[in-house]
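Please open the model in a viewer and keep the sequence panel at hand.

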Amino acid sequence: MATNEKSNTESGKEPDSAILSENMKSLEKLMLAETEKIRNHHEQKFNALSARLQSIEASIQKSKDVSEKEPINESVVPTNTASNVAPKTIKRFQLKHVFEDAANFRMNKYYYSEWEEHYNVKWKMSVKRTNGRLGFYVHCQPIAPSENWSIRTKLEYKVVGRSQDDFIRTFDYNYEKSEGLGFCGFQEWEEMKKWHLVDGNLTVEAKVTIVETIGLGKEKLRKFDESQKDVSDVILTIRDTKFYVSKMYLASQSSVFKALLLGGFSESKQSEVKLNGIDPDDFHYFLEVLYGESSIDDGNVEDIALLADMYDAPIAIRKCEVFLLKESKKTLDTKLEIATRYHLENLKEWCKTQITTTVVPKNISGPKNRKVTKKNPLRKLLCF
């Protein structure tokens with residue numbers, strides 16, 4: 001036995017155990033490096049998701065703050081003037097994107113954010129370096145447009161500064177085709193580089209308020225026109241569209257309709273009631289849901305949820321939540337935003353459980369390491 005060990009040493013060959021040990025160390029170093037790469041990748045994804053969720057929370061809190069400062073009696077739908085619109089009926093959202101290495105943008109080349117879906121329309125932003133200036137645009141693309149459609153908007157474009165020194169411009173525009181609208185000379189390029197780049201990256205935001213939409217509705221399943229006159233006792237008018245409905249039935253579905261149509265208000269004595277600040281197509285699908293039709297899809301669920309929340313219609317709210325839980329193809333953060341805005345607690349809890357990641361433990365015991373799935377610690381950020 002001693003002779004064999006001496007022979008191996010003299011010939012320059014290490015014992016098998018030493019070779020195995022070196023191989024294991026090399027393998028462990030390799031796996032540690034790959035583990036760190038995977039961990040960094042997931043951390044980047046978490047950071048992006050965290051920023052998105054915090055943006056949602058801030059937007060919702062801001063809406064609450066405005067409502068608290070300017071109290072509005074939400075038990076009754078405004079009916080007197082077109083300008084008297086309840087805040088809940090306003091379709092508003094925010095786009096945000098970080099363009100990396102903006103200082104080295106190529107001339108006359110567009111750089112785009114990802115598409116986001118809001119209110120049956122896809123939206124994204126783009127920026128461009130041209131003629132010593134920064135161009136900034138907001139693009140829209142309806143999901144199911146008719147031959148003639150339009151989206152009237154109020155747009156706020158913002159380049160985010162390092163110390164709240166933001167550069168903002170506003171623009172009102174009526175989209176009638178899929179295009180990007182904005183400013184070809186939004187800001188001087190050198191000024192943008194000096195005051196708004198952070199580590200070479202450019203952060204931009206766009207706040208979009210949808211004032212009116214035309215021609216974005218899908219096929220309707222039920223009629224509420226004059227053909228229903230013999231089974232209705234009130235007409236609800238939105239813009240130029242009349243809805244023939246039953247007071248008692250709507251009152252059984254909605255506390256707001258009950259107060260409006262059967263309470264002590266002047267509208268309860270009228271045969272025709274005007275509702276303002278509402279899109280007639282959205283209201284039609286909302287009525288279909290109240291009347292038992294399966295009208296909810298990814299294109300209108302947000303619109304129906306908005307009206308169901310505004311009119312306090314629990315059955316319609318529950319149907320929206322079930323659709324988002326079981327059928328919707330919307331992204332996780334979009335579902336979470338809808339759940340938070342309209343107090344869909346079951347959907348909110350489901351979203352939290354879906355925020356998971358696959359990580360590899362730091363303590364590697366050998367090549368037979370297995371992946372472990374655990375809940376994302378950022379879940380605590382979702383408790384609104």
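**The whole chain**

Of the 384 residues of the chain, 41% count as buried, where buried means under 20% relative accessible area, exposed over 50% and partly exposed in between, with a 1.4 Å probe and protein chains only. The model is predicted, so local features need pLDDT of at least 70 and side-chain atom pairs count only at pLDDT 80 or more, while totals for chains, interfaces and linings use all residues. Residues are numbered from 1 along each chain as its sequence is written, and side-chain values use heavy atoms, with hydrogens and water left out.

Colour the chain by secondary structure: there are 10 helices and 15 strands. Helices (H or I, at least four residues) and strands (E, at least two) are DSSP runs, numbered from the N terminus. Among contacts (heavy atoms within 4.5 Å) between residues at least 6 apart in sequence, 64% join residues at least 24 apart.

Select residues 133-142, strand β5, in which eight of the 10 residues are buried. Two strands are taken as paired if DSSP finds at least two bridges between them. Ser 126 is found opposite Tyr 137 of β5. The hairpin of β4 and β5 has two residues between the strands, and Asn 131 there adopts a positive phi near 50 degrees.

Next display β8 (residues 179-188), which pairs with β5 through seven bridges in the antiparallel sense. Here Phe 136 faces Phe 183 of β8 as its opposite residue.

**Second stop: the aromatic rings**

Show the side chains of Phe, Tyr and Trp. Rings (for Trp, the six-membered ring) pair if their centres lie within 6.5 Å; planes under 30 degrees apart count as stacked, over 60 as edge-to-face and the rest as tilted. Phe 99 and Phe 105 are both buried.

Move to Phe 257 and Phe 283, another edge-to-face pair, with 6.4 Å centre to centre and 70 degrees between the planes. Phe 257 belongs to helix α5 (residues 255-262) and Phe 283 to helix α6 (residues 280-290), so this pair ties together parts 26 residues apart in sequence. Phe 257 and Phe 283 are both buried.

Ring pairs also link a cluster whose members include Phe 93, Tyr 119, Trp 123, Phe 136, Tyr 157 and Phe 183. For charges over rings, the criterion is NZ of Lys or CZ of Arg within 6 Å of the ring centre and within 35 degrees of the ring normal. Lys 124 lies over the face of Tyr 112, at 4.2 Å from the ring centre, and Arg 169 over that of Phe 186, at 5.8 Å.

Centre the view on Glu 205, in strand β10 (residues 201-214). Its relative accessibility is 10%, so Glu 205 counts as buried. Leaving aside residues up to four places away in sequence, Glu 205 touches several residues, among them Gln 94, Lys 96, Phe 136, Glu 156 and Lys 158.

Select residues 189-196, helix α3, where Trp 189, Met 192 and His 196 are buried. Viewed down the axis of α3, its buried residues fall within an arc of 75 degrees, so they line one face of the helix; the arc is that of the directions from the helix axis to the C-beta atoms. Exposed Glu 190 and Lys 194 sit on the face of α3 turned away from its buried side.

**Last stop: the sheet around β11**

Display the open three-stranded sheet of order β12-β11-β13, whose pairing is mixed. Its edge strands, β12 (241-245) and β13 (272-274), each pair on one side only. Five of the five residues of β11 are buried, so the strand is largely enclosed by the rest of the structure. Val 234, Leu 236 and Ile 238 point one way from β11, and Ile 235 and Thr 237 the other way.

β11 and β12 run antiparallel, with five bridges between them; in β12, Thr 241 is the bridge partner of Ile 238. Strand β11 (residues 234-238) and β13 are parallel and joined by three bridges, with Lys 274 of β13 as the bridge partner of Thr 237.
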